[in-house]
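Here is a short briefing on one chain. Keep the model open beside the text and follow the topics in order.

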Amino acid sequence: MHAVRRTLAAAPLLVLLGAAALPARGDEPKKEAPPEPKEAKPAIVVPKEPAPPAATKLTVTLADGKTAHCREQSAQSFLIRGNWFPRTNDAEKLKEGRKLLEEAIKYRTEKYGYFEGFGNPKSNPHPPKYYAKSTSFMGMSVQVHAKIIPALKCVEAALKAGPAGEAYKPRAMGGIRFHNTYRGVEISNHVYGIAIDIEPDKNTCCGCVAPWNNHPLCKQKDKTVWDRMVMPRSWVETFEKYGFYWLGHDVLQDTMHFEFLGDPDKITETAGDVAAK
Ligand SMILES: [Zn+2]
């Protein structure tokens, strides 16, 4: 499906517009944002190369046929699992974590749907599966919440715009689930249709229950989490640019798993928005 394209020709103009018109991204806490490496101008004139992916505004086609520019954003911290269960005995901090989890359930119910037993049914008249849609991602088909499809398309466009798209060719992925795979107070983001798993048999979860933690890669204790999967780091970094959180960072070390924890209303902006700002 050719729903995504990259505006190569328009890139320099868009970058200029973006630089002049967009406010600094002060509201997005970015981990280690190194300055763009500025290469010295070569003395010999070489044929013009396309702009590097980081400097290119990616364009995706939305379900209504309109084109939009991808916006970069970070995961929202109150939605990050690790913040709900701080590794401490401090009662105050544990209480704070539990409050964040409550907030996260409320937010996900409002934005993505009500799942029985979690949150208030008055916050959303429909279950998440009501909003589920099939889409394609890197040649695989997957069913997710319709709201996050543009975010997946932005990740796909970014992967295809650079070497990452050729570096790894997964053959299977999972999306929405209709039952909760967590026990107790927690609810999986798969239930809300905002989580995906990429090639679970090759990108395992060493902190999960069997059979996941029986994977041969989990036995190699001297390796880092990055070595215990086949997916390249460039994929993780690309997903993270567009509001996805990688559960490889979590104690679970769930390397196959990405969840969209950005703001679903800030995934894209239309070309008009950019020019008008
Ligand atoms: Zn998962």
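This is a predicted model. With 26 C-beta neighbours inside 10 Å, Met 256 counts as buried, because the cut-off for burial is 20 or more. Across the chain of 277 residues, 34% count as buried. The chain holds seven helices and 10 strands. Among contacts between residues at least 6 apart in sequence, 64% join residues at least 24 apart.

**Around Met 256**

- Met 256 sits in the loop between β8 (244-246) and β9 (257-260).
- Leaving out residues up to four places away in sequence, Met 256 touches Asp 197, Ile 198, Glu 199, Pro 200, Asn 203, Thr 204 and Cys 205.
- Trp 246 is 10 residues from Met 256 in sequence, and their C-alpha atoms are 8.2 Å apart.
- Gln 253 is also found in the loop between β8 and β9.
- Gln 253 has a positive phi, near 50°, and is a residue other than glycine.
- Gln 253 is buried, because 21 other C-beta atoms lie within 10 Å.

**Glu 199 and the loop between β7 and α6**

- Glu 199, one of the residues that Met 256 touches, is found in the loop between β7 and α6.
- Its phi is positive, about 40°, although Glu 199 is not a glycine.
- Buried or exposed: which is Glu 199? Glu 199 counts as buried, because it has 20 C-beta neighbours inside 10 Å.
- Pro 211 is found in the loop between β7 and α6 as well.
- The peptide bond from Ala 210 to Pro 211 is cis, with omega near 5°.
- Arg 171 and Glu 199 are 28 residues apart along the chain, with 6.6 Å between their C-alpha atoms.
- Arg 171 belongs to the loop between α5 and β6.
- Arg 171 has 11 C-beta neighbours inside 10 Å and therefore counts as exposed.

**Packing of α4 on α6**

- Two packed helices are described by the angle between their axes and the distance between the axes.
- The axes of α4 (residues 149-161) and α6 (residues 233-241) come within 9 Å and cross at roughly 135°.
- The two helices, α4 and α6, are therefore oblique to each other.
- Their crossing is right-handed.
- From α4, the contact uses Val 155, Ala 158 and Leu 159. From α6, the contact uses Trp 235, Thr 238, Phe 239 and Lys 241.
- By class, the contact of α4 with α6 has five nonpolar residues, one polar and one charged.

**Burial of α6**

- Which residues of α6 are buried? They are Trp 235, Thr 238, Phe 239, Glu 240 and Lys 241.
- The cover over the buried residues of α6 includes α4, α5 (164-167), β8 and β9.

**The largest nonpolar core**

- In soluble globular proteins, nonpolar side chains tend to be buried together.
- The largest nonpolar core has 49 residues. Val 144, Ala 151, Cys 154, Val 155 and Phe 244 touch the most other members.
- Elements that give two or more residues to this core are β3 (67-70), α3 (91-112), β5 (140-145), α4, β7 (195-198), α6, β8 and β9.
- Which element gives the most to this core? It is α4, with nine residues.
- Ala 151 touches Tyr 242, Gly 243, Phe 244, Phe 260, Gly 262 and Ile 267, not counting residues up to four places away in sequence.

**Around Ser 188**

- Ser 188 lies in the loop between β6 (173-174) and β7.
- Ser 188 is partly exposed, because 17 other C-beta atoms lie within 10 Å.
- Neighbours within four places in sequence aside, Ser 188 is in contact with Arg 177, Asn 180, Thr 181, Tyr 182 and Ala 195.
- Ser 188 and Ile 176 are 12 residues apart along the chain, and 9.7 Å separates their C-alpha atoms.

Conventions. Residues are numbered from 1 along each chain as its sequence is written. This is a predicted model: local features need pLDDT of at least 70, side-chain atom pairs count only at pLDDT 80 or more; totals for chains, interfaces and linings use all residues. Axes are lines fitted to C-alpha atoms, for helices over the stretch in contact, and angles run from 0 to 180 degrees between N-to-C directions. Helices (H or I, at least four residues) and strands (E, at least two) are DSSP runs, numbered from the N terminus. Angles under 35 degrees count as roughly parallel, over 145 as roughly antiparallel, 65 to 115 as roughly perpendicular and the rest as oblique. A crossing is left-handed if the near helix is turned anticlockwise from the far one by less than a right angle, and right-handed if clockwise. Two residues are in contact if their C-beta atoms, placed from the backbone, lie within 7 Å. Ala, Val, Leu, Ile, Met, Phe, Trp, Tyr, Cys and Pro count as nonpolar, Asp, Glu, Lys and Arg as charged, and the others, Gly among them, as polar. A residue is buried if 20 or more other C-beta atoms lie within 10 Å of its own, exposed if 12 or fewer, and partly exposed in between; C-beta atoms are placed from the backbone. A nonpolar core is a set of buried Ala, Val, Leu, Ile, Met, Phe, Trp, Tyr and Cys residues joined through C-beta atoms within 7 Å.
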